[in-house]
Amino acid sequence: MSGDRAQTVLDFVVGMSVFLVAVGFTFAFVPSLLEPYAVGEGATVIVAERGAARLAESSLAEPSLAGAGSTATLSHACTIAFFDGTDPETASEESDCAWTANADDLHAELGVDDQRGLNLTVTQHGAIERLDPDDGTAVPMRAGPAPPGGTSVSSASRIVTIDDPEDGDPPETYRLTLRVW
């Protein structure tokens with residue numbers, strides 16, 4: 001080999017290969033290193049699951065069963081008062097309800113910041129159900145705006161029963177769904 005030769009084609013191929021492997025490694029693994037610090041879709045799933053569990057197991061549950069785990073039996077009076085917009089103190093005094101904010105302020109009840117969208121519906125056979133209080137005005141069991149189209153939405157559902165103590169019929173089964181975006 002003489003000292004007046006420059007790079008050969010083989011040197012160029014080896015150099016470019018090392019460079020392309022380094023760039024590929026950077027794009028493949030650096031985003032996963034930052035994943036624990038980024039807010040992603042997993043956070044909305046957790047918010048939806050915990051919110052639905054809180055509503056079904058403590059906030060809207062029968063006062064005698066609240067905090068007893070996954071009872072999934074909602075109080076008829078507390079559920080009507082929650083969706084009707086009754087003041088929490090009044091509902092607590094009249095029906096021993098455990099929620100601290102009604103459906104008008106769902107973010108406060110679930111402890112979720114206002115930047116997230118929340119939608120709560122209680123359905124039966126795919127339709128939003130209405131509960132009938134003593135005064136005869138049916139209360140639709142839904143809260144929050146509809147999720148916007150084109151946005152990733154996480155949802156969690158619980159199968160719950162609501163027993164109206166005054167009608168004498170067996171408890172009916174409903175689906176409580178919380179959507180978070």
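**Figure 1. Burial and the order of elements in the protein.** Of the 181 residues of the protein, 32% count as buried; a residue is called buried under 20% relative accessible area, exposed over 50%, and partly exposed in between (1.4 Å probe, protein chains only). The structure is a predicted model, in which local features need pLDDT of at least 70 and side-chain atom pairs count only at pLDDT 80 or more, while totals for chains, interfaces and linings use all residues. Residues are numbered from 1 along each chain as its sequence is written, and side-chain values use heavy atoms, with hydrogens and water left out. The protein contains 5 helices and 8 strands. Helices (H or I, at least four residues) and strands (E, at least two) are DSSP runs, numbered from the N terminus. Read from the N terminus on, the order of the elements is α-α-β-α-α-α-β-β-β-β-β-β-β.

Figure 2. Two strands are said to pair if DSSP finds at least two bridges between them. With strand β8 (residues 172-180), β2 pairs in the antiparallel sense over 6 bridges, and the bridge partner of N119 in β8 is R179. Strand β6 (residues 142-143) is also antiparallel to β2, over 2 bridges, and here T121 stands opposite R142. Strand β3 (residues 127-128) is joined to β2 by 2 bridges, again antiparallel, with T123 opposite I128. The hairpin of β2 and β3 has 2 residues between the strands, and in this hairpin H125 takes a positive phi near 55°.

**Figure 3. Helix α3 and its covered residues.** Helix α3 is mostly covered, with 7 of its 9 residues buried. These buried residues are H76, C78, T79, I80, A81, F82 and F83. F82 belongs to helix α3 and is buried, with a relative accessible area of 0%. The C-alpha atoms of F82 and A143 are separated by 9.7 Å, although the two residues lie 61 residues apart along the chain. Just after α3, G85 takes a positive phi of about 85°.

Figure 4. Side chains of opposite charge can pair when their charged atoms come close. A salt bridge is a side-chain nitrogen of Lys or Arg within 4 Å of a carboxyl oxygen of Asp or Glu, and the count by this rule is 2 salt bridges. One of them joins the side chains of R158 and E49 (3.1 Å, N to O). R158 lies in strand β7 (residues 154-163) and E49 in helix α2 (residues 41-59), so this pair ties together parts that are 109 residues apart in sequence. E49 is partly exposed, at a relative accessible area of 36%. In another salt bridge, the side chains of E109 and R54 meet (3.5 Å, N to O). This pair links distant parts of the chain, with E109 in helix α5 (residues 106-110) and R54 in helix α2, 55 residues apart. E109 is buried at 1% relative accessibility, whereas R54 is partly exposed at 35%.

Figure 5. Patches are made of residues with over 30% relative accessible area and no salt bridge; like charges are joined within 9 Å, and nonpolar side chains (Val, Leu, Ile, Met, Phe, Trp, Tyr) within 5 Å. Lys and Arg count as positive and Asp and Glu as negative, while His and the chain ends are not counted. The place of a charge is taken as NZ of Lys, CZ of Arg, CG of Asp or CD of Glu. D84, D132, D134, D135, E166, D167, D169 and E172 form a negative surface patch. D84 is located in helix α3 (residues 76-84) and is partly exposed, at 47% relative accessibility.

**Figure 6. A nonpolar patch on the surface.** V9, F12, V13, M16, F19, L20, V23 and F27 form a nonpolar surface patch and together have about 830 Å² of accessible area. Accessible areas come from the Shrake-Rupley method with a 1.4 Å probe, and for residues only the protein chains shown count as cover. F27 is found in helix α1 (residues 9-34) and is exposed, at 65% relative accessibility. An α-helix has 3.6 residues a turn, so residues three or four places apart point the same way.
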